[in-house]
Amino acid sequence: MPQNKTICIVDDQDVIVEMYRIKLEQAGYRVVAAEDGEQGYDVIKKIKPDLALIDIVMPKMDGLTLVRKLKKDKELKHIPIIILSNYISPEENEEALRLGALFSLAKPHFLPSQILEIIDEVLEERE
């Protein structure tokens, strides 16, 4: 399924990025990463990934601002977004989903293998 599919991880924690990069690449995905929301927007605009995994708390531009910006861009608004953050307040969760994120997940409650299953399902539905 993941053949030629690209996932963009936007997260300022290197250890998280590497953990998900390894898991996704083992599953056959191509992975690109950005360390903050501004860089994330630039990378997503340039490569137009098949899906974006976005953290909420980041320097320069937070995840909700990034989602808002992506969903306003007619070239990028179709890209599926999964919010993946250490902590998500009920308000942030509601806002992320209202803005168009498909899922808003707290990292501590999901194993990378569970996130991979969700990504596979989202991308299968899009085919």
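Let's begin with charge: the 17 positive and 24 negative charges of the protein have mean positions that lie 7 Å apart. Keep in mind as you look around that this is a predicted model.

Now for the overall architecture. The protein contains five helices and five strands, and from the N terminus on they follow the order β-α-β-α-β-α-β-α-β-α. With a radius of gyration of 13 Å, close to the 14 Å that the globule rule gives for 127 residues, the protein is as compact as a globular protein of that length. Its C-alpha trace spans about 35 × 30 × 25 Å along the principal axes.

How is this chain packed? Of the contacts with a separation of 6 or more, 64% are between residues 24 or more positions apart. Buried residues make up 49% of the 127.

Let's zoom in on one residue, serine 85. You will find serine 85 in strand E4, which covers residues 81-85. Is serine 85 buried or exposed? Its relative accessibility is 1%, and buried means under 20%, so serine 85 counts as buried.

Who are its neighbours there? Setting aside residues within four places in sequence, serine 85 is in contact with Asp55, Ile56 and Val57, and also with Leu105, Ala106, Lys107 and Pro108.

Technical notes:
Residues are numbered from 1 along each chain as its sequence is written. This is a predicted model: local features need pLDDT of at least 70, side-chain atom pairs count only at pLDDT 80 or more; totals for chains, interfaces and linings use all residues. Side-chain values use heavy atoms; hydrogens and water are left out. Helices (H or I, at least four residues) and strands (E, at least two) are DSSP runs, numbered from the N terminus. The radius of gyration is taken over C-alpha atoms; the globule rule is 2.2 Å times the number of residues to the power 0.38. Buried means under 20% relative accessible area, exposed over 50%, partly exposed in between (1.4 Å probe, protein chains only). Contact means heavy atoms within 4.5 Å. Lys and Arg count as positive and Asp and Glu as negative; His and the chain ends are not counted. The place of a charge is taken as NZ of Lys, CZ of Arg, CG of Asp or CD of Glu.
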